[in-house]
Amino acid sequence: MSNQPRSGPRSDDWSGMTPEDRGLTTPMVDDVFEALADWRRRAVCLHFQTAAETQATVGDLAGVVARQGRDSGLPEADTAVDAVESALIETQLPVLHRLAVLDFDERSGTVRYWGCPTLEKWADHAAAVSRRSGF
């Protein structure tokens with residue numbers, strides 16, 4: 001295993017750039033499935049896919065994500081807005097940021113979604129499966 005600094009989409013050099021700036025045309029399959037591996041990350045992607053805006057505050061996203069979780073039958077402890085907001089800040093949004101799906105500015109508490117058709121297609125599929133079998 002190499003100790004060389006990372007380059008490419010997961011490097012710090014790419015932070016703050018749009019996918020077009022980065023020259024990305026299709027995401028790597030592993031990245032798509034990593035992005036969708038958690039119900040909260042799927043909920044964030046699904047929210048932005050259907051929302052008119054591409055920016056939101058973490059607090060607003062936490063409310064949307066918590067509501068989606070409750071509507072899907074997840075336990076109340078997992079879908080409390082405070083718990084969801086903490087999970088978004090500490091884990092979920094940084095993962096989506098690292099994968100170049102969105103930009104997460106922790107200082108201002110804002111998120112800007114870039115869109116990713118491949119990810120959105122799989123998020124739709126995951127949502128359809130979830131409706132049939134629960135998250």
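Q: What kind of model is this, and what average pLDDT does the protein chain have?
A: The model is predicted. The chain averages a pLDDT of 83, and 77% of the residues score at least 70.

Q: Where is the pLDDT below 50?
A: Over residues 4–10. Beyond near neighbours in sequence, that stretch makes 9 contacts in the model.

Q: Why is α4 called roughly perpendicular to α6?
A: Look at the angle. Helix α4 (residues 58–71) and helix α6 (residues 81–98) have axes that cross at roughly 115°. The label covers 65 to 115 degrees. So α4 counts as roughly perpendicular to α6. The two axes come within 8 Å, and the crossing is right-handed.

Q: How do you know which residues of α4 meet α6?
A: Contact means heavy atoms within 4.5 Å. On the α4 side, the residues include Val58, Leu61, Ala62 and Val65. Among their counterparts in α6 are Val84, Leu88 and Ile89.

Q: What makes up this contact of α4 with α6: how many nonpolar, polar and charged residues?
A: There are 10 nonpolar, 2 polar and 1 charged. Gly counts as polar here, and Gly59 and Gly63 are among the α4 residues in the contact. Glu counts as charged, and Glu85 is one of the α6 residues.

Q: Why is α3 also described by its direction relative to α6?
A: Helix α3 (residues 39–50) packs with α6 at an angle of about 75°, with the axes 10 Å apart. Roughly perpendicular means 65 to 115 degrees. Therefore α3 is roughly perpendicular to α6.

Q: Which residues meet where α3 packs with α6?
A: Trp39, Arg40, Arg41, Val44 and Cys45 represent α3. In α6 their partners include Val84, Leu88 and Leu96. This contact divides into 9 nonpolar, 1 polar and 2 charged residues.

Q: How do you know that β1 and β3 pair?
A: Count the bridges. Pairing needs at least two. β1 and strand β3 (residues 110–113) have 3 bridges, in the antiparallel sense. So they count as paired. In β3, Arg112 is the bridge partner of Gln55.

Q: What makes β1 and β2 edge strands?
A: The open sheet runs in the order β1-β3-β2. β1 (55–57) and β2 (102–105) each pair on one side only. The twist averages 15° from one strand to the next.

Q: What lies across the strands, and at what angle to β1?
A: α4 lies across β1, β2 and β3, running at about 90° to β1. α6 also packs on the sheet, where it touches β2 and β3.

How values were computed. Residues are numbered from 1 along each chain as its sequence is written. This is a predicted model: local features need pLDDT of at least 70, side-chain atom pairs count only at pLDDT 80 or more; totals for chains, interfaces and linings use all residues. Side-chain values use heavy atoms; hydrogens and water are left out. Axes are lines fitted to C-alpha atoms, for helices over the stretch in contact, and angles run from 0 to 180 degrees between N-to-C directions. Helices (H or I, at least four residues) and strands (E, at least two) are DSSP runs, numbered from the N terminus. Angles under 35 degrees count as roughly parallel, over 145 as roughly antiparallel, 65 to 115 as roughly perpendicular and the rest as oblique. A crossing is left-handed if the near helix is turned anticlockwise from the far one by less than a right angle, and right-handed if clockwise. pLDDT is the predictor's confidence in each residue, from 0 to 100.
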